[in-house]
Amino acid sequence: MATGEPLIVLDGVNKWFGPLHVLDDVSLSVGKGEVVVVIGPSGSGKSTLCRTINRLEPITSGTITFDGQPLPAEGKALAKLRSEVGMVFQSFNLFAHKTILENVTLGPVKVRKEKASVARERGLALLDRVGIANQADKFPAQLSGGQQQRAAIARALAMQPKAMLFDEPTSALDPEMVGEVLDVMTSLAGEGMTMVVVTHEMGFARHAANRVIFMADGQLVEDAPPSQFFANPRSERARDFLSKILTH
Ligand SMILES: Nc1ncnc2c1ncn2[C@@H]1O[C@H](COP(=O)(O)OP(=O)(O)OP(=O)(O)O)[C@@H](O)[C@H]1O
Ligand SMILES: [Mg+2]
């Protein structure tokens with residue numbers, strides 16, 4: 001469903017943490033409706049890359065545009081960007097003392113100034129869409145990890161984002177719950193959501209991604225369709241990485 005029209009564009013992006021060059025001249029364009037899976041060894045900069053896109057992390061040099069606009073640094077424009085770029089983390093990050101439905105409606109009411117009744121109705125519809133409508137009035141701790149992560153996805157979707165970033169959304173889950181979260185992500189991809197997904201789930205990469213990006217030492221080493229990447233990675237580093245994760 002990718003249209004080719006760019007939504008997220010990084011151009012010559014560098015990020016330093018003190019002496020550490022964490023993003024090294026990264027250029028990347030993600031088209032509307034595209035699903036890009038990011039893989040690479042620990043410490044290669046995958047999370048940092050994600051976090052720069054909604055400006056949780058400022059960059060040292062280069063440019064990032066979202067939907068044609070340079071990322072705003074602060075204020076209302078930044079709040080708008082954060083609502084337009086949903087993010088789902090490894091740790092579900094739900095508000096522990098709020099119900100699942102409240103978690104989902106809080107942003108729309110507070111940030112988007114939606115009427116409570118409208119937010120509630122949409123929130124319930126979103127919980128239904130991720131398969132946890134019957135958990136609406138529970139608190140996060142009463143849900144399984146997989147259910148909590150689906151609630152976190154619903155919460156991000158409630159802001160009606162133009163893109164979704166996922167940073168290892170299934171890494172903290174028990175194995176039997178990985179599938180239910182990947183199913184939600186796969187259907188989201190099928191509906192045309194623009195997605196950047198850091199994951200070790202190579203099945204998801206094969207089936208749902210338009211492109212796979214391999215990072216190493218802050219550099220974007222490969223950028224290829226999954227069929228090509230998995231069958232024939234060009235770099236020694238990607239081959240080595242794949243042989244490690246596919247055999248364990
Ligand atoms: N806030 C920070 N301050 C200093 N260094 C940081 C900070 N955040 C990340 N780093 C460093 O930047 C590098 C890239 O980190 P990043 O978290 O982006 O890697 P990653 O590819 O997501 O790794 P993992 O697979 O373990 O999640 C690492 O060397 C990390 O230690
Ligand atoms: Mg990471």
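What is the accessible surface of the protein chain, and how much of it belongs to carbon and sulfur atoms? I looked this up before anything else. The accessible surface comes to about 11,500 Å², and 51% of that belongs to carbon and sulfur atoms. Accessible areas come from the Shrake-Rupley method with a 1.4 Å probe, and for residues only the protein chains shown count as cover.

**Ground rules**

I am working on a predicted model, in which local features need pLDDT of at least 70, side-chain atom pairs count only at pLDDT 80 or more, and totals for chains, interfaces and linings use all residues. Residues are numbered from 1 along each chain as its sequence is written, chains are lettered from A and ligands numbered from 1 in the order in which they are written, and side-chain values use heavy atoms, with hydrogens and water left out.

**Overall form**

I noted 9 helices and 10 strands in the protein chain. Helices (H or I, at least four residues) and strands (E, at least two) are DSSP runs, numbered from the N terminus. Along the principal axes, the C-alpha atoms fill a box of roughly 55 × 40 × 35 Å. The radius of gyration is 18 Å, which agrees with the value near 18 Å for a compact globule of 248 residues. That radius is taken over C-alpha atoms, and the globule rule is 2.2 Å times the number of residues to the power 0.38.

I then checked burial: 50% of the 248 residues count as buried. Buried means under 20% relative accessible area, exposed means over 50%, and partly exposed is in between (1.4 Å probe, protein chains only). For contacts (heavy atoms within 4.5 Å), I took those with a separation of 6 or more; residues 24 or more positions apart account for 68% of them.

**Charges**

I found 26 positive and 27 negative side chains, with the centres of the two sets 7 Å apart. Lys and Arg count as positive and Asp and Glu as negative, while His and the chain ends are not counted. The place of a charge is taken as NZ of Lys, CZ of Arg, CG of Asp or CD of Glu.

Side chains of opposite charge can pair when their charged atoms come close. A salt bridge here is a side-chain nitrogen of Lys or Arg within 4 Å of a carboxyl oxygen of Asp or Glu. By this rule I have 16 salt bridges.

**Lys15 and Glu57**

The closest N and O atoms of Lys15 and Glu57 are 3.7 Å apart, in a salt bridge. Lys15 lies in strand E1 (residues 6–17) and Glu57 in the loop between helix H1 (46–53) and strand E4 (61–66), so the pair ties together parts 42 residues apart in sequence. Both residues are buried, Lys15 at 6% relative accessibility. Beyond its neighbours within four places in sequence, Lys15 is in contact with residues including His21, Thr48, Glu57 and Pro58.

**The H1–E4 loop**

I looked at two other residues in this loop. Arg55 lies in the loop between H1 and E4 and has a positive phi of about 60° although it is not a glycine. Arg55 is partly exposed, at 25% relative accessible area. Pro58 is in the loop between H1 and E4 too, and is partly exposed at 37%.

**Asp67 and Lys32**

What joins the side chains of Asp67 and Lys32? They meet in a salt bridge at 3.3 Å, N to O. Asp67 is in the loop between E4 and strand E5 (69–70), and Lys32 in the loop between strand E2 (20–31) and strand E3 (35–39), 35 residues apart. Asp67 is partly exposed at 27%, and Lys32 is partly exposed at 25%. Both belong to a network of salt bridges that links Glu5, Lys32, Asp67, Lys80, Glu84 and Lys162.

**Asp217 and Arg237**

Asp217 forms a salt bridge with Arg237, with closest N and O atoms 3.0 Å apart. Asp217 lies in the loop between strand E9 (211–216) and strand E10 (219–224), and Arg237 in helix H9 (residues 236–247), so the pair ties together parts 20 residues apart in sequence. Asp217 is exposed at 52%, whereas Arg237 is partly exposed at 41%. Phi of Asp217 is near 50°, a positive value in a residue other than glycine.

**Helix H3**

Which residues of helix H3 (residues 100–110) are buried? They are Ile100, Leu101, Asn103, Val104, Thr105 and Pro108. These buried residues pack against helix H4 (116–129) and helix H5 (145–157).
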